[in-house]
Amino acid sequence: MYKPKGPDYQDVEGLKIPKAFSPECLRDSLRYKPKADDVFIVTFPKCGTTWTQHIVINILKRGLPPESFEEFQKLSPFMELTGPGVVETMPRPGAIKTHLPFDLQPYSLQAKYIYITRNPFDCCVSLFHHSRTLPIYQYSDGAFEDFFEIFINGQTEFGDYFDHLLSWYEHRKDPNVLFLVYEKMKADTRTDVLNIAKFLDQEYEDMLVKDVQMMENILLQTSVEYMKKSTNKHFGSFFGSVHSDEDIDNKNIPEGLKHILNYMKTINFKPQSELNFVRKGIVGDWKNHFTPEQTERLRRKCIQKFEGTKIPEFWPDIFK
Ligand code: PPS
């Protein structure tokens with residue numbers, strides 16, 4: 001029987017995560033108790049997390065981009081990867097990244113949650129490239145036809161795309177949830193930057209309305225081209241390189257990152273100085289990947305899963 005080959009994952013607490021991640025960091029993250037001033041940026045992977053993180057950080061820093069990749073990671077740690085210790089010591093205001101479905105997300109009515117979704121077709125393509133690009137997945141030879149099966153059957157990291165989205169969609173009108181759509185944010189970034197600012201604090205929205213130049217700077221500093229330059233090199237030096245024991249011990253980095261660097265010593269890969277983490281950042285790249293049969297199958301799955309919701313209205317080009 002045909003068994004599609006997927007990226008290297010592991011099951012922890014019923015959730016698939018990359019095999020390179022520390023299981024303890026995930027377990028500890030699930031037990032994290034949110035603080036009243038916590039802001040979480042939550043997504044299914046590849047739906048616009050990094051973009052939203054940069055927008056939030058630029059707003060919190062009043063128009064300045066993160067000074068360095070290290071500062072970005074400190075201000076916006078990926079909790080399941082680093083472990084929650086880093087969140088406890090995060091400089092505030094900051095914003096915590098997670099990829100958790102609602103039922104697993106550490107939740108408090110006092111904390112804020114920004115959820116961003118993206119159409120499943122482009123999400124599937126983006127996650128396919130992500131898995132091929134990062135050596136930890138051991139998937140550089142992965143085929144799209146295999147990955148498509150993994151995605152449509154809900155066997156990717158962080159679970160089923162549809163269940164993830166539906167779990168947060170139910171909460172889209174909660175006062176402590178801001179629900180965003182990648183394609184809408186792409187079409188009118190300015191409006192969503194203002195929405196995010198207002199959600200963080202009315203003071204930030206007022207600041208951006210008043211300071212037109214600051215708004216322009218933020219739009220520039222969170223553009224795909226700008227982020228390619230500021231991000232991809234750093235991903236290469238971290239996730240595309242072999243690190244010595246001494247280097248790992250000396251690095252002042254969280255346990256979860258050390259776990260990954262140690263894992264990388266156990267696998268074979270060709271080091272790369274740059275990784276295309278910020279890749280194309282466009283809408284509709286799926287048309288370059290899907291066969292007519294795959295398009296029809298995923299469309300049918302969407303219709304079945306989104307029944308009774310207004311989710312198809314997010315993507316009128318796909319669900320005419
Ligand atoms: S991750 O690994 O889950 O954190 O990835 P995530 O950041 O959610 O998604 C990566 C995709 O978002 C694109 N991207 C952007 N799009 C628009 N504007 C900006 N500034 C931007 N930055 C990143 C990135 O290119 C990935 O999409 P694809 O389709 O692969 O290009």
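Residues are numbered from 1 along each chain as its sequence is written, and side-chain values use heavy atoms, with hydrogens and water left out. Because the model is predicted, local features need pLDDT of at least 70 and side-chain atom pairs count only at pLDDT 80 or more, whereas totals for chains, interfaces and linings use all residues.

The ligand is surrounded by 22 residues, of which T49, T50, S126, Y182 and K280 are the closest; a residue is counted as near when one of its heavy atoms lies within 4 Å of the molecule. Polar contacts are pairs of N or O atoms within 3.5 Å, and within protein one atom must be able to donate a hydrogen and the other to accept it, with residues adjacent in sequence counting only if both atoms are side-chain atoms. An oxygen atom of the ligand lies 2.6 Å from an N or O atom in the side chain of S126, a nitrogen atom of the ligand is 2.7 Å from a polar side-chain atom of Y182, and a polar backbone atom of K280 is 2.7 Å from an oxygen atom of the ligand. Of the 640 Å² of accessible area that the ligand has on its own, the protein covers 98% (Shrake-Rupley method with a 1.4 Å probe; for residues, only the protein chains shown count as cover).

Helix 2 (49–60), helix 6 and helix 13 (224–239) each supply at least two residues of this shell, and the largest share, three residues, comes from helix 2. Helices (H or I, at least four residues) and strands (E, at least two) are DSSP runs, numbered from the N terminus. By class, the shell has eight nonpolar, nine polar and five charged residues, where Ala, Val, Leu, Ile, Met, Phe, Trp, Tyr, Cys and Pro count as nonpolar, Asp, Glu, Lys and Arg as charged, and the others, Gly among them, as polar.

Helix 8 (residues 161–169) is mostly covered, with seven of its nine residues buried; buried means under 20% relative accessible area, exposed over 50%, and partly exposed in between (1.4 Å probe, protein chains only). The buried residues are Y161, F162, H164, L165, S167, W168 and Y169, and their cover includes strand 3 (39–43), strand 5 (112–117), helix 7 (144–152) and helix 16 (292–305), contact meaning heavy atoms within 4.5 Å.

Side chains of opposite charge can pair when their charged atoms come close. With a salt bridge defined as a side-chain nitrogen of Lys or Arg within 4 Å of a carboxyl oxygen of Asp or Glu, the count comes to 19. One of them joins R31 and D28, with the closest N and O atoms 2.8 Å apart; R31 is exposed, at 53% relative accessible area, while D28 is partly exposed, at 31%. Another links K198 and E205 at 3.8 Å, N to O, and here E205 is buried, at 17%. Salt bridges that share partners also join E13, E24 and R27 into one network.

L26 lies in helix 1 (residues 23–30) and is buried, with a relative accessible area of 0%. Leaving aside residues up to four places away in sequence, L26 touches V12, L15, I17, E80 and L100.
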